[in-house]
Amino acid sequence: MLKGATTAAGTTAYRSGFDALVKNGHFREWRGLALSSVGIGTYLGPDDDATDALYEAAVEGALLSGLNVVDSAINYRRQRSERAVGRVLARVVGSGRLAREAGDVVGGSHCMTPRYLDDQIERSRTNLAVETIDVYYLHNPETQLGEIPRPIFRRRLREAFEFLERAAGDGRIGVYGTATWGGFRQPPSERGALSLPDLFALAEEIAGRDHHFRVVQLPYNLAMTEAFTAPTQPGEREPVSLLEAARKLDVYVMTSASIYQGQLVRNLPPVLAEVMPGLATDAQRALQFVRSTPGVGTALVGLKSDAHVREAAGLAKIAPVRWSSFRKLFAAA
């Protein structure tokens with residue numbers, strides 16, 4: 001088991017091995033850590049040895065190419081993705097420590113009681129062979145709202161946050177947050193809508209200003225732009241986007257579905273290539289769009305082949321699009 005958690009010194013040392021990527025703005029500063037603007041996801045694929053081998057090779061290739069954010073979860077491929085990541089970390093620990101991710105049952109599958117979370121954290125620590133999981137997500141808490149009223153949801157959420165604060169205090173996790181699909185993208189009037197300021201305030205009520213609710217994840221890509229365009233979050237005077245709300249609260253944002261599970265890797269409008277010169281593929285352009293969006297910290301993308309790792313790592317050598325050009329890019333999308 002790897003001892004301790006990811007440190008500023010560790011990620012700084014890791015980053016120092018990629019001078020060209022540093023100059024191009026690939027690494028993002030967050031809570032003293034240096035995180036890559038592109039990360040590797042491990043969600044898709046069958047539960048078999050062949051896919052394990054693909055993920056192990058892809059994760060190792062990513063780590064050696066300047067991508068130091070790895071997203072995994074206990075429910076990814078029946079725990080096999082976490083175990084594959086754990087085997088890679090055991091092999092490449094000498095290269096520097098890495099940021100990792102990864103109520104009662106509703107919908108037949110969703111639970112966030114403290115007892116359940118305790119069990120899941122221990123299983124994940126074993127699978128990953130680490131002492132501390134740097135970023136731990138409460139997965140799709142909005143699922144609960146499909147079956148229970150909001151007051152009960154808030155009580156369950158409080159109990160979950162109280163447990164996660166204790167887990168952070170014990171060193172089993174570093175920080176925590178919520179990984180959502182629709183919660184942050186829905187209008188406030190929708191039953192499953194989540195308010196980031198409310199979640200942040202709840203954590204502050206529980207643990208004060210030094211609470212550990214510091215990161216969120218949600219889908220964002222050329223086809224799903226709500227995180228940047230939709231005013232779904234309460235603001236001081238008027239509603240704001242999730243990315244703007246996160247910026248004001250200093251909450252780090254990771255994006256899932258950055259290339260829409262492979263649907264944005266070809267046949268993109270030619271104007272995108274004009275606004276983003278120097279990129280060889282539509283997959284790189286789709287990912288560049290995400291990592292260049294103001295407020296996005298790390299764009300997660302599933303990688304299982306050496307070719308895809310090289311493609312993502314190639315993007316890391318190119319600077320994100322500047323705001324003056326990004327506005328044109330966004331208009332083109």
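How many aromatic pairs does the count come to? The count comes to 13 aromatic pairs, where rings of Phe, Tyr and Trp (its six-membered ring) pair if their centres lie within 6.5 Å. This is a predicted model, where local features need pLDDT of at least 70, side-chain atom pairs count only at pLDDT 80 or more, and totals for chains, interfaces and linings use all residues. Residues are numbered from 1 along each chain as its sequence is written, and side-chain values use heavy atoms, with hydrogens and water left out.

**Y176 and F213**
- The ring centres of Y176 and F213 sit 5.8 Å apart with planes at 70 degrees, so this pair is edge-to-face (planes over 60 degrees apart; under 30 is stacked and the rest are tilted).
- Y176 belongs to strand 7 (residues 173-179) and F213 to strand 8 (residues 213-219), 37 residues apart; strands are DSSP E runs of at least two residues, helices are H or I runs of at least four, and both are numbered from the N terminus.
- Y176 has 0% relative accessibility, so it's buried (under 20% relative accessible area; exposed is over 50%, partly exposed in between, with a 1.4 Å probe and protein chains only).
- F213 is buried too, with a relative accessible area of 0%.

**F228 and F326**
- F228 and F326 also pair up edge-to-face, 5.9 Å centre to centre with 85 degrees between the planes.
- F228 is in helix 8 (residues 226-229) and F326 in helix 13 (residues 323-332), so the pair ties together parts 98 residues apart in sequence.
- F228 is partly exposed at 22% relative accessibility, whereas F326 is buried at 0%.
- Ring pairs link both into a cluster with Y220, F289 and W323.
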